[in-house]
Amino acid sequence: MGTINHLSFGWLTPALSYLMACAGAALGLRCTLRGLAASGPARRNWLVTAAAAIGSGIWTMHFVAMFGFTVDGTELRYNVPLTVLSLVVAVLVTGLGLTVVCYGRHRGLSLLSGGVTTGLGVAAMHYLGMAALRMHGGLHYDAGTVALSVLVAVGAATAALWAAVTIRNVYAAAAAAMAMGLAVSCMHYTGMAAVHVRLEPTRTGLGGVSPMEFVFPLAVGLGSFLFLASAFVALSPTAQERAGYREAGELATEDLPAGPPYPGPPYPEPARQELAPAEAGRRGGEGRGGERHGRAA
């Protein structure tokens with residue numbers, strides 16, 4: 001049996017992974033609130049952004065935490081297609097859960113079905129990520145602990161979806177994001193507690209890539225996306241704020257004067273002076289024409 005260490009860098013990786021999970025949850029909650037206040041394509045776009053935020057936050061949390069995972073006696077590498085597939089699964093199942101909850105007619109049933117679907121998907125993401133691991137040996141799991149991790153994932157997903165469609169207060173949403181980050185972290189480390197490694201010494205090389213070659217740049221990129229998107233969403237006005245701006249603009253337009261305070265043509269003074277001789281000539285011509293017409297009569 002290989003000796004497993006989950007904290008090779010101390011508490012740095014758990015703290016950073018928790019921060020990533022909280023950032024994804026906070027952004028996802030905010031985008032979901034915007035989506036619920038919108039309709040049509042705008043709602044769909046907000047929910048897609050929320051799914052990308054929560055799913056990528058969970059995925060980033062998992063692989064940042066995995067930087068602290070080492071096994072004595074073997075190198076660790078990752079299979080690229082399986083690693084990318086785990087990210088896609090995390091985003092898709094989160095989007096499916098949000099769609100079920102936001103568009104479902106029965107609130108309780110929608111929460112239950114969406115939470116179960118998303119929780120199973122999050123667990124699938126976790127174990128797909130573990131399946132992408134390459135080492136000189138094999139991974140074995142304790143069935144009871146695996147089942148517990150799946151239950152934790154379902155509970156965390158259900159709580160996250162409930163918070164996404166229920167909480168409106170900013171401070172409550174921040175507290176919910178921190179609670180969701182804690183729940184996702186608990187699910188990860190519960191799943192990791194089920195892992196046992198049986199080393200199989202061999203001279204053949206390992207396939208895949210090292211964490212620093214692929215997983216680290218991808219995690220940094222997703223983390224940057226989360227923080228930049230959070231800043232964008234925080235600075236963009238809500239539907240209520242946009243409505244207030246439109247109302248203020250309409251009121252300002254109504255307060256403008258309807259026309260000039262004096263009668264007369266809308267010409268400035270210099271233009272009226274230039275037009276005066278021509279106007280006088282035209283009127284004089286009309287008068288002479290009228291006199292000739294009178295004499296002829």
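Analyst: Trp59, Phe63 and Tyr78 form one aromatic cluster. Here, rings of Phe, Tyr and Trp (its six-membered ring) pair if their centres lie within 6.5 Å; planes under 30 degrees apart count as stacked, over 60 as edge-to-face and the rest as tilted.

A word on the basis. This is a predicted model, where local features need pLDDT of at least 70 and side-chain atom pairs count only at pLDDT 80 or more, while totals for chains, interfaces and linings use all residues. Residues are numbered from 1 along each chain as its sequence is written, and side-chain values use heavy atoms, with hydrogens and water left out.

Aromatic pairs in the structure number three. One of them joins Phe63 and Tyr78 edge-to-face, at 5.7 Å centre to centre with 70 degrees between the planes. Phe63 sits in helix α2 and Tyr78 in strand β3 (residues 77–78), so this pair ties together parts 15 residues apart in sequence. Helices (H or I, at least four residues) and strands (E, at least two) are DSSP runs, numbered from the N terminus. Phe63 and Tyr78 are both buried. Buried means under 20% relative accessible area, exposed over 50%, partly exposed in between (1.4 Å probe, protein chains only).

Tyr127 and Tyr141 also pair edge-to-face, at 5.5 Å centre to centre and 80 degrees between the planes. Tyr127 belongs to helix α4 (residues 107–131) and Tyr141 to strand β5 (residues 137–141), so the parts tied together are 14 residues apart in sequence. Tyr127 is buried, at 18% relative accessible area. Tyr141, at 33%, counts as partly exposed.

The axes of α2 (residues 41–66) and α6 (residues 170–193) come within 10 Å and cross at roughly 45 degrees. Axes are lines fitted to C-alpha atoms, for helices over the stretch in contact, and angles run from 0 to 180 degrees between N-to-C directions. The two helices are therefore oblique to each other: under 35 degrees would be roughly parallel, over 145 roughly antiparallel, 65 to 115 roughly perpendicular, and the rest is oblique.

From α2, Ile58, Met61, His62, Ala65 and Met66 meet Val184, Ser185, His188, Tyr189 and Met192 of α6. Contact means heavy atoms within 4.5 Å. These contact residues divide into seven nonpolar, three polar and no charged. Ala, Val, Leu, Ile, Met, Phe, Trp, Tyr, Cys and Pro count as nonpolar, Asp, Glu, Lys and Arg as charged, and the others, Gly among them, as polar.
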